[in-house]
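I would like to walk through one model with you, going from the chain as a whole down to a few individual residues.

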Amino acid sequence: SYVQSLIEDERYNKDIFNTLEHLGKLNTTNFDPNLLEPDYKLLYNNQYHGDTNINHLFDKKQILIIGSGKTIEEYKDHIERFKRSQKLVTISLNKSDIFDLDYIDFIAISHLGRINIEINDILKYKKKLIAPPSIINKYNISKKLCVSYGLKISNKIKSYKNYCELPSPLVLNYVLLLLTNTKARQIYLAGIDGFNDDHKNREIN
């Protein structure tokens, strides 16, 4: 059921009621997980060429990708010291409720289910966003705030100079494919703990 999917998916845990209210407006006679992001393929695939030249975006920089895993809170101080000492560029996957905004350089967003819940808070932060052009236009986000890198939903996993192809819009995979087109020197991961659900772990892997 939709409720079971929401409860089991950590991405929706913090705002299940808003997501259920959204689902209540849809025709949900038959269970379809994709209705958590209605018409999501159409949205992404109608406009998937990004506008930003990302080739030198992180030229010779070391990148730290921050996930939302429970280990983040446990090692928060260590990670923040590591960022400062190594002068890392930090990319938060979606909104971070643990890290101080001063430690975040970019916020990456790509998954409609998560964005629908967090977008108002994210826009208040005034941080540089990494997002598909379809998302930028859907939410009327100022292009001055954005790194526009496209996302096309398909059965492929490929990276191009201004967009990527993925079977689903998981933000970690989206960011990793973007980074393959930059000249980043090294990439570190923190808080990428995975899910209890094997299907979601397979999506990441």
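This is a predicted model: local features need pLDDT of at least 70, side-chain atom pairs count only at pLDDT 80 or more; totals for chains, interfaces and linings use all residues.

Let me begin with contacts, where contact means heavy atoms within 4.5 Å: among those in the protein chain between residues at least 6 apart in sequence, 55% join residues at least 24 apart. Residues are numbered from 1 along each chain as its sequence is written, and side-chain values use heavy atoms, with hydrogens and water left out.

Of its 205 residues, 47% count as buried, where buried means under 20% relative accessible area, exposed means over 50%, and partly exposed lies in between, with a 1.4 Å probe and protein chains only. The accessible surface of the protein chain comes to about 11300 Å², and 47% of that belongs to carbon and sulfur atoms; these areas come from the Shrake-Rupley method with a 1.4 Å probe, and for residues only the protein chains shown count as cover.

Turning to the sheet, six strands form an open arrangement in the order E5-E4-E3-E2-E1-E9, with parallel pairing, and two strands are taken to pair if DSSP finds at least two bridges between them. Strand E5 (146–148) and strand E9 (186–190) each have a single partner strand, so they stand at the edges with one side left without a neighbour in the sheet. From one strand to the next, the twist averages 25°, where axes are lines fitted to C-alpha atoms, for helices over the stretch in contact, and angles run from 0 to 180 degrees between N-to-C directions. Within the sheet, strand E3 (residues 106–108) is joined to strand E4 (residues 128–131) by three bridges, and Ala108 has Ile130 as its bridge partner in E4.

Now the helices. Helix H5 (residues 76–86) lies across strand E1 (62–66), strand E2 (89–93) and E9, and runs at about 160° to E1. How enclosed is helix H8 (residues 171–179)? Eight of its nine residues are buried, so H8 is largely enclosed by the rest of the structure; among those buried residues are Asn173 and Tyr174. Glu118, which sits in helix H6 (residues 112–125), is buried as well, with a relative accessible area of 5%, and, leaving aside neighbours within four places in sequence, Glu118 is in contact with Asn94 and Lys95.

Lys87, in the loop between H5 and E2, has a positive phi of about 55° and is exposed, with a relative accessible area of 71%. Lys126, in the loop between H6 and E4, has a phi near 60°, again a positive value, and is exposed at 62% relative accessible area. Elsewhere, Ile192 is placed in the loop between E9 and helix H9 (198–204) and, at 31% relative accessibility, counts as partly exposed.

Conventions. Helices (H or I, at least four residues) and strands (E, at least two) are DSSP runs, numbered from the N terminus.
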